[in-house]
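The sequence and the model come first, and my notes follow.

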Amino acid sequence: TKGVTTIDPGYKNTGSCESAITFLNGEEGILRYRGYSIEELAEKADFLEVAYLLIFGELPNTDQLEKFHADIKKNSHVDEDVKKIVDGFPKSAHPMGVLSSLTSALIAFNPSSVNVDSEEEMYNAIVRILGKFPVLTAWAHRKRAGLPLEYGDDSLGYVENFLKMMFKSPSGEYVSNPVITEAMDKLLILHADHEQNCSTSTVRIVGSSHAGLFASISAGISALWGPLHGGANQAVIEMLEGIKEDGGDTKKYMAKAKDKSDPFRLMGFGHRVYKNFDPRARIIKKAADEVLNDLGVDDPVLDIAKGLEKEALEDQYFVDRKLYPNVDFYSGIIYRSLGIPVEMFTAMFALGRLPGWIAQWREMRLRKEPIGRPRQIYIGETHRPFKDIEYR
Ligand code: SDX
């Protein structure tokens with residue numbers, strides 16, 4: 001309504017754009033990328049196919065997929081000087097802070113990817129960030145692990161090459177395990193896009209000033225870092241570990257989560273849109289059983305997680321507030337079984353969400369959306385004259 005400003009904290013009831021990329025139905029737990037159900041894509045597609053689908057709108061044919069992967073490989077070298085920036089971080093630096101910094105630093109090494117207006121320039125910036133981001137992510141891990149910052153083997157698939165970059169030994173050994181590659185591929189697909197969530201809205205609004213793709217992605221990484229958003233997958237494991245250390249007393253933590261005076265929340269539960277189950281959580285929970293079984297891993301926190309879920313689904317407080325496990329509740333259990341350190345969990349979310357951020361940025365730019373600039377309702381002081389310091 002023209003001229004009237006209504007305030008909508010957290011934009012709970014505000015639509016920011018029209019988009020053809022992802023469809024969510026929170027009541028029925030439906031998630032589709034460009035019309036394809038997440039269940040089918042997780043089962044039948046691989047991550048690079050899904051990245052292509054999200055960004056360009058159609059599943060690629062063989063030639064299109066091969067060219068896309070080839071263009072990404074051609075752009076997967078990171079300037080050696082970036083290693084000097086990585087060296088500057090303490091080992092204790094959180095990977096999400098390292099990644100948002102390095103992604104922004106990439107601008108200096110790829111100046112032609114800044115002010116892109118044509119579809120061709122956008123494509124070049126897109127394959128650059130898709131080529132370089134897995135390298136930066138692996139280097140963020142290798143820095144923490146005291147391992148040399150090296151590449152993988154780009155004769156492998158996109159995800160397997162990433163895993164090799166993450167885990168190859170100083171002497172270059174990496175034993176590929178199809179169970180791990182397949183699980184990682186599925187997790188990345190399930191995280192690839194989620195319409196106008198906090199980090200995607202951040203990418204859109206930064207991109208709306210024409211700051212460029214890399215700067216917008218860097219901002220999205222920072223938004224995803226928060227424990228209320230992507231950072232929840234790390235917080236879930238830390239919470240489950242805490243409950244295990246505390247004797248597995250889930251009832252005590254359920255009570256804390258319901259106690260308004262206690263800031264503790266059941267991490268991995270609740271969602272702004274899903275007021276029923278999160279379809280991704282359902283797929284990940286099933287995959288967690290399969291992957292841990294295939295890898296012969298027995299992780300006691302999986303049982304604690306299932307116990308918490310069961311209690312919450314029967315608890316009136318949670319039922320009244322429609323609080324169900326979300327994508328972050330079980331994902332960390334799989335990441336851990338794949339050998340990924342807990343501090344890297346949210347970086348895995350970022351790697352998965354990268355194609356979604358790119359797709360949403362590209363759609364926003366192609367649709368020539370205006371710069372994001374909301375209004376406010378002023379609640380501060382009325383006009384008052386200046387007061388010299390001797391009278392303050
Ligand atoms: C992601 O948006 C997306 O799509 C995000 C995401 C994506 O793919 O991009 O799906 C990924 O971020 C998943 C969410 C990960 N975050 C967490 O698991 C953190 C814990 N969850 C909550 O902080 C919360 O549920 C949010 C942030 C997810 C949603 O917050 P809302 O929609 O602002 O809901 P709210 O904070 O207003 O809570 C509504 C009520 C409140 O109680 P009342 O004041 O009504 O009495 O539910 C309670 C809250 O106190 N509540 C919880 C709770 N989540 C909400 N109580 C205990 N534990 C929780 N986890």
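I am working from a predicted model, in which local features need pLDDT of at least 70 and side-chain atom pairs count only at pLDDT 80 or more, while totals for chains, interfaces and linings use all residues. Residues are numbered from 1 along each chain as its sequence is written, and side-chain values use heavy atoms, with hydrogens and water left out.

**Entry: the chain as a whole**

I began with the secondary structure and found 17 helices and three strands in the protein chain, taking helices (H or I, at least four residues) and strands (E, at least two) as DSSP runs numbered from the N terminus. The radius of gyration, taken over C-alpha atoms, is 22 Å, close to the 21 Å that the globule rule gives for 392 residues, so the chain is as compact as a globular protein of that length; the rule itself is 2.2 Å times the number of residues to the power 0.38. Along its principal axes the C-alpha trace spans about 70 × 55 × 50 Å.

I then looked at burial, where buried means under 20% relative accessible area, exposed means over 50%, and partly exposed lies in between (1.4 Å probe, protein chains only). Buried residues make up 52% of the 392 residues in the chain. The chain exposes about 18800 Å², of which carbon and sulfur atoms supply 52%; accessible areas come from the Shrake-Rupley method with a 1.4 Å probe, and for residues only the protein chains shown count as cover. Among the contacts with a separation of 6 or more, 74% join residues 24 or more positions apart.

**Entry: the ligand**

Which residues are closest to the ligand? I noted His194, Arg265, His271, Arg272 and Arg280 as the closest of the 25 residues that surround the ligand, a residue being counted as near when one of its heavy atoms lies within 4 Å. By class this shell has 10 nonpolar, seven polar and eight charged residues, where Ala, Val, Leu, Ile, Met, Phe, Trp, Tyr, Cys and Pro count as nonpolar, Asp, Glu, Lys and Arg as charged, and the others, Gly among them, as polar.

I also listed distances from side chains to oxygen atoms of the ligand: 2.6 Å from a polar atom of His271, 2.8 Å from an N or O atom of Lys260, and 2.9 Å from a polar atom of Asn326. The protein covers 79% of the 1100 Å² of accessible area that the ligand has on its own.

**Entry: two residues of helix α16**

Ser331 lies in helix α16 and is buried, with a relative accessible area of 0%. Leaving aside residues up to four places away in sequence, I found that Ser331 touches Leu187, His191, Asn233 and Ile284. Ile237 is 94 residues from Ser331 along the chain, yet their C-alpha atoms are separated by 9.3 Å.

Ile334 is also found in α16, which runs over residues 327-337, and Ile334 is buried at 1% relative accessible area. With the same exclusion of residues up to four places away, the contacts of Ile334 are Ala183, Leu187, Ile284, Ala287, Ala288 and Val291.

**Entry: helices α7 and α8**

Is helix α7 largely enclosed or largely open? Nine of the 10 residues of α7 (residues 158-167) are buried, so the helix is largely enclosed by the rest of the structure. The buried residues of α7 pack against α2, α3, α6, α8 and α17.

In α8 I looked up Thr181, which counts as buried at 15% relative accessibility and touches Val159, Glu160, Leu163 and Ser176, not counting residues up to four places away.

Most residues other than glycine have a negative phi. Tyr11, in the segment before β1, has a positive phi of about 50° although it is not a glycine, and Tyr11 is exposed at 56% relative accessible area. Arg34 likewise has a positive phi of about 50°; Arg34 sits in the loop between β2 and β3 and is partly exposed at 22%.

Key
A polar contact is a pair of N or O atoms within 3.5 Å; within protein, one must be able to donate a hydrogen and the other to accept it, and residues adjacent in sequence count only if both atoms are side-chain atoms. Contact means heavy atoms within 4.5 Å.
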